[in-house]
Amino acid sequence: MIRARLACVAIVAAIASSAPVSTIPTISPGGAATVRVAEGGNLQLALTNARPGDVIELASGATFTGNFTLPRKDDTSAVIIVRTGLAGGTAVGRVTPAQAAAFAKLRSPNGQPALQTAPGSHHWRLEFLEVIGSGSGDLVALGDGSSAQNSTAAAPHDLVIDRCYIHGDARGVKRCVALNSASTVISNSHISDCRAAGADAQAIAGWNGPGPFSIANNYLEGAGENVLFGGADPAIRDLVPTDIIIRGNLIAKPTSWRGGPWQVKNLLELKNARRVTIDQNTLENNWEAAQSGFAVLITVRNQDGHCPWCQVEQVTFTGNILRHSAAGVEILGFDDSNPSLQTRDIVIRNNLFSDINPQAWGGSGYAFLLLGGPRDVVIDHNTLIQENASGIVQVEGPPIMGLVFTNNIARQGAYGVIGSDHAPGNDTLSAFFPAALFTRNVIAEADPRQYPSGNLFPSASDFRAQFTSYDGGTFTLTPKSPWRGAGTDHQDLGATIPVAPDPSTRPRGVSR
């Protein structure tokens with residue numbers, strides 16, 4: 001009976017498209033089938049008729065034009081969509097556009113998604129596919145960001161995009177992947193040309209899906225925000241996207257976009273998110289344009305006024321390289337336009353910030369901007385290479401309880417640690433950070449009288465001398481540096497990230 005059913009699927013598909021759509025060369029003992037779809041075949045029919053556990057193989061290099069929907073199935077065995085011969089393929093690592101030349105291609109003929117999910121669909125896996133389109137909407141829509149998806153039961157789940165190339169065409173596309181689902185993985189993929197003139201564009205954005213989400217080992221390129229959670233009010237009441245892992249990605253903007261028509265804001269932004277791990281990523285190339293140039297925003301927003309439960313909390317930003325940017329990380333305690341919950345429990349540890357330089361990228365060059373009273377912020381063991389910067393920390397708004405600022409390496413810049421209407425250093429610390437732990441930091445070129453005891457204040461030349469090759473962009477400590485083992489935890493001061501030299505870390509206009 002199983003073999004007869006699958007043969008019928010192939011015949012119906014061939015008749016519908018007047019092309020040799022599908023063949024069924026193998027059927028597993030458990031009844032799963034391999035359904036091959038040739039170029040010109042009826043892909044949607046194959047998706048509709050697929051049974052859990054089936055593999056849908058698309059002809060290598062073939063183009064399938066349409067707005068395809070992943071329907072809901074009754075079982076929990078994944079349906080795999082892959083180009084011919086690669087189901088469960090052995091290729092490892094992040095794919096490149098060059099490798100994608102042999103991938104099957106899904107192309108949207110209009111501004112609608114090339115691929116979207118039906119309500120409640122689940123257990124779909126996409127591998128070795130190229131997805132192409134343009135327009136002011138979503139290219140791949142996992143879940144529904146509108147009021148039609150108003151319960152977690154309606155959210156698609158158990159979805160995987162692995163080793164795919166997803167991109168806008170020459171005209172760009174507003175959003176490459178809309179992530180409004182549950183239990184979703186995006187891995188080893190190349191997502192690019194997500195750009196729009198006069199509007200925000202993202203490589204990945206989610207606001208109406210509960211999570212968990214894993215975004216791992218991808219190249220992510222977006223003009224507005226490369227990665228965004230929040231930005232629109234969820235239609236699911238009390239929803240906060242939760243359990244988000246962003247690990248091992250290259251999150252970047254091409255410098256060729258600078259001065260172009262695309263609306264550029266930041267590299268990663270959290271407006272409504274809980275339990276987020278941002279780990280071992282490289283984030284690079286962000287300049288002052290539609291925003292002031294901070295690369296990472298942890299800024300709670302009740303965007304449209306209907307989400308008073310919106311919150312950003314329990315975020316760890318660790319082991320990252322953030323470079324070539326106008327400024328570093330901005331943290332906002334409460335939405336300053338609509339009611340929200342408080343941003344809290346933020347840990348920024350063991351990161352290298354380099355080429356934070358307003359002469360090269362615009363902006364202020366501050367490593368951190370703290371606004372609106374976030375709570376329990378830990379900034380620990382970071383190496384901050386800023387040139388021509390206004391300072392290290394700028395703060396405005398109510399006092400911030402629970403600040404820990406320890407074991408960091410930085411230069412004073414113009415103002416060091418400064419709050420509005422207060423002097424740098426101790427005056428700002430006492431006014432804005434009551435009972436803060438502020439110790440074992442290197443603040444080069446600062447006046448020791450302005451800061452608490454227990455910190456280090458080398459000259460600019462001594463500061464540069466502690467690194468393996470400051471001018472060459474290698475910011476590991478020399479073997480004999482006195483900063484080795486000098487932390488509150490007896491570890492080296494600053495970050496301990498193994499990283500190759502970055503000769504472009506010192507662009508034009510760098511001060512000595």
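## Overview

The predicted structure holds 24 salt bridges.

Side chains of opposite charge can pair when their charged atoms come close.

## Arg 125 and Glu 127

A salt bridge joins the side chains of Arg 125 and Glu 127, with an N to O distance of 2.4 Å. Arg 125 has a relative accessibility of 25% and counts as partly exposed. Glu 127 has a relative accessible area of 2%, and because buried means under 20%, Glu 127 is classed as buried.

## Asp 162 and Arg 163

Asp 162 and Arg 163 also form a salt bridge, in which the closest N and O atoms are 2.4 Å apart. Asp 162 and Arg 163 are both buried.

## The network

Which residues are linked with Arg 125 in a network of salt bridges? The network links Arg 125 with Glu 127, Asp 162 and Arg 163. Of these residues, Glu 127 is buried, as are both Asp 162 and Arg 163, whereas Arg 125 is partly exposed.

## Arg 344 and Asp 345

Arg 344 pairs with Asp 345 in a salt bridge whose closest N and O atoms lie 3.8 Å apart. This separation counts as a salt bridge because the cut-off is within 4 Å.

Are the two residues buried or partly exposed? Arg 344 is partly exposed, at a relative accessible area of 27%. Asp 345 is likewise partly exposed, with 29% relative accessibility.

Conventions: Residues are numbered from 1 along each chain as its sequence is written. This is a predicted model: local features need pLDDT of at least 70, side-chain atom pairs count only at pLDDT 80 or more; totals for chains, interfaces and linings use all residues. Side-chain values use heavy atoms; hydrogens and water are left out. Buried means under 20% relative accessible area, exposed over 50%, partly exposed in between (1.4 Å probe, protein chains only).
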